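Reader: I am new to this structure and would like to go through a few of its features with you. Could we begin once it is shown?

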Amino acid sequence: AVIVLYVFMFIFFCREIQDFLIIRPLWQRFLFTILIIMPAGFFMGIPFPAGIEKAKIKRDQIIPWLWAINGCSSVIASIAAVMISIHLGFLVVIAISAVLYVAALIIYKFI
């Protein structure tokens, strides 16, 4: 839920963030970009280990499959993100990621 809220706030304030960053020197743009992206990256790293812990309790034998699906999804998602951002824009990629995290949250809660 934190990821989705953060992503939607980023989408909503994207223009203001860009206006704020564009006038800054390069080193400040790097610093602020890292500070903006870091919370999302931190929270995006939580669901997979949490899912592995849940699988360890319920169905230990599927953990290798979870790692394989995660690896395959990472490769496909990185290529898809570039293609979608070229054709539809970066904010669309961010919105799609938020929708996918909501779907993952729903699946995690009900399985």
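Reader: Where is phenylalanine 90 found, and does it count as buried or exposed?

Author: This is a predicted model, in which local features need pLDDT of at least 70, side-chain atom pairs count only at pLDDT 80 or more, and totals for chains, interfaces and linings use all residues. Residues are numbered from 1 along each chain as its sequence is written, and side-chain values use heavy atoms, with hydrogens and water left out. Phenylalanine 90 lies in helix 6 (residues 90-110), helices being DSSP runs of H or I with at least four residues, numbered from the N terminus. Because its relative accessibility is 55%, and the classes are buried under 20%, exposed over 50% and partly exposed in between (1.4 Å probe, protein chains only), phenylalanine 90 counts as exposed.

Reader: Leaving aside neighbours within four places in sequence, with which residues is phenylalanine 90 in contact?

Author: Contact here means heavy atoms within 4.5 Å. With those sequence neighbours left aside, the contacts of phenylalanine 90 are Phe10 and Ser85.

Reader: At what angle do helix 1 and helix 2 pack?

Author: In helix 1 (residues 2-12), Phe10, Ile11 and Phe12 meet Cys14, Glu16 and Ile17 of helix 2. Axes are lines fitted to C-alpha atoms, for helices over the stretch in contact, and angles run from 0 to 180 degrees between N-to-C directions. The axes of helix 1 and helix 2 are 4 Å apart, and the angle is about 65°.

Reader: How does leucine 31 count at its relative accessibility?

Author: Leucine 31 has its place in helix 3 (residues 26-44). Because its relative accessibility is 40%, leucine 31 counts as partly exposed.

Technical notes: Helices (H or I, at least four residues) and strands (E, at least two) are DSSP runs, numbered from the N terminus.
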